[in-house]
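Hi,

Here is the structure I promised to pass on. Have a look at it first, and then read my notes below.

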Amino acid sequence: MFTGGEGELTLTVMMRVSPEPEQEEAILDLLRRYRDALNYSIRAIIANKALSLSRAHRLLYKDLKERYGLPSKIAQGCYREAITTAKSWLRNPRRGAVPTAKGLSMWLEHEKGYRVKGNYVELIGGYRLRIIGWDRRYDDFPSREARLVFRDGEFTLYIYKRVPRPTKYVPKGVLAVDINERQIVVGNTSVEQRIETPIERALHYKRLAERLQGKYSSTRYNAWLRRSGIRRRIRYFRRKARNIIEDWARKASHTIISLAKQSQLAVAREDLTGLVESLRRLPKGHRTALVMLGYRRLAFWVDWQAEKNGVPILVVDPAGTSSTCPRCGSELVEAGHRRLRCPRCGFEADRDTIAILNIEGRALSKMGGTLTSPTAPQVTDVNPNRWGEPPHL
Ligand SMILES: [Zn+2]
């Protein structure tokens, strides 16, 4: 999602679009033909090792146009996408079956495959989709390739853009982020804020999916029932669980980055590699899987939002952040529920607060005196489940 050369970020702008009613069926038909053509191309490219554009073109172009009825520019986009898919499959040493596209989506090259004109998106071949809404913050930057997706009855166009990477400010201090299963704790020596995680809520949907799956995989139900409606419900619950995590990760990271930017702080988070590894060793449960997903998505969004907003980010070693004294470095001892105390200097605090102070300390020493004078940031206490949409950065 964010690649790009030095000094540039690639981001996607989401545009809700809607076909003219009389064209909806034709566009869906085009998307289906594209999907079938893509699956055909992936297999042909792998079988014939046709991984270059010119070889793929010779092998597929005529078929894609004649058998699948794709407009020429869309046919080119199709084998281009098939090459990318084939290459990444071939690169994967643990590859399973040849990948198959299931959803309805289509690559479009800018100007050749699609064009934004007034309130419409025009696709090659005379299709028009009305623009319902989009994020206008990046209007000034040129559009690049795009992907048209049909999902849950809605059409969305994801347009890729390159924008200059903002320069990072010199931080006045550190905002540490500590994550555990129940909450994220954000803070430093002067402030602290807690945000609940949605693991329980997501787990609820995941369990619903499993229950349905268990019930209808029994042979008492006929094949039709097992295949159709129930399958769709199961997929819906699974996707719902994933979406809950994704939404939360995006909003929480937005809150974190806004707080940091507002007070010109660097964001420090723990390196999650070890954490994810240790979770992987736990018995495989839905909870573990969701917690892992939550960690990874939050780290992803925090890093991305930091890049986009010019917020410096530091990744620190997580070893012992919640068991050593942030004041003197001694090993802490238990002092009640989730509380720890230092036997040497007497410092006592909540486990999560200790983690925050240690992460802050490690980040500060990593920055090594590049700080300007520290100021106490103004952070208001936010109701974790109803923080609302923070202002756009
Ligand atoms: Zn101590």
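Let me begin with the cysteines: the count of disulfides comes to zero, taking a disulfide as a pair of cysteine sulfur atoms within 2.5 Å. Keep in mind that this is a predicted model. Cysteine 78 has a relative accessible area of 0%, so it is buried. Cysteine 328, with 29%, is partly exposed.

Now for the overall picture. The protein has nine helices and 15 strands. Of its 393 residues, 42% are buried. If you take the contacts between residues at least 6 apart in sequence, 69% of them join residues at least 24 apart.

How do α1 and α2 pack? Helix α1 covers residues 24-48 and helix α2 covers residues 53-66; the angle between them is about 145°, and their axes are 11 Å apart. The crossing of α1 past α2 is right-handed. On the α1 side the contact is made by Ala37, Tyr40, Ser41, Ala44, Ile45 and Asn48, and on the α2 side by Arg55, Ala56, Leu59, Leu60, Asp63 and Leu64. Sorted by class, that contact holds eight nonpolar, two polar and two charged residues.

Helix α1 also packs against helix α3 (residues 72-91), here at an angle of about 45° and with the axes 8 Å apart. From α1, the residues involved are Leu30, Tyr34, Ala37, Leu38, Ser41, Ile42, Ile45 and Ile46. They meet Ile74, Gly77, Cys78, Tyr79, Glu81, Ala82, Ile83, Thr85, Ala86 and Trp89 of α3. By class, there are 14 nonpolar, three polar and one charged residues in the contact of α1 with α3. Notice that Cys78, the buried cysteine from above, is one of the α3 residues in this contact.

Most residues other than glycine have a negative phi. Which residues did I note with a positive value? Glutamate 111 has a phi near 70°, and arginine 338 has one near 55°. Glutamate 111 is in the loop between β2 (104-108) and β3 (114-117). Its relative accessible area is 47%, so glutamate 111 is partly exposed. Arginine 338 sits in the loop between β13 and β14 (339-341). With 26% relative accessibility, arginine 338 is partly exposed as well.

Is serine 330 buried or exposed? Its relative accessibility is 12%, and the cut-off for buried is under 20%, so serine 330 counts as buried. You will find serine 330 in the loop between β12 (313-316) and β13 (333-334). Setting aside neighbours within four places in sequence, serine 330 touches Ser323, Thr324, Cys325, Cys342 and Arg344.

Leucine 314 belongs to strand β12. At 15% relative accessibility, leucine 314 is buried. What does leucine 314 contact, apart from its neighbours within four places in sequence? The partners are Ala266, Val267, Ala268, Arg269, Ala363, Lys366 and Met367. Leucine 314 and aspartate 271 are 43 residues apart along the chain, and 9.2 Å separates their C-alpha atoms.

Leucine 357 is part of helix α9 (residues 351-367). With a relative accessibility of 18%, leucine 357 is buried. Again leaving out neighbours within four places in sequence, leucine 357 is in contact with Asn188, Thr189, Pro326 and Phe347. Along the chain, leucine 357 and valine 174 are 183 residues apart, while their C-alpha atoms are separated by 10.0 Å.

Best wishes

Note on methods. Residues numbered from 1 in each chain as written. Predicted model: local features only at pLDDT ≥ 70, side-chain atom pairs only at ≥ 80, totals over all residues. Heavy atoms only, no water. Axes fitted to C-alpha atoms, helices over the stretch in contact; angles between N-to-C directions. Helix = DSSP H or I, 4+ residues; strand = E, 2+ residues; numbered from the N terminus. Left-handed = near helix turned anticlockwise from the far one by under 90°. Contact = heavy atoms within 4.5 Å. Nonpolar A, V, L, I, M, F, W, Y, C, P; charged D, E, K, R; others polar. Buried < 20%, exposed > 50% of the residue type's maximum accessible area, 1.4 Å probe, protein only.
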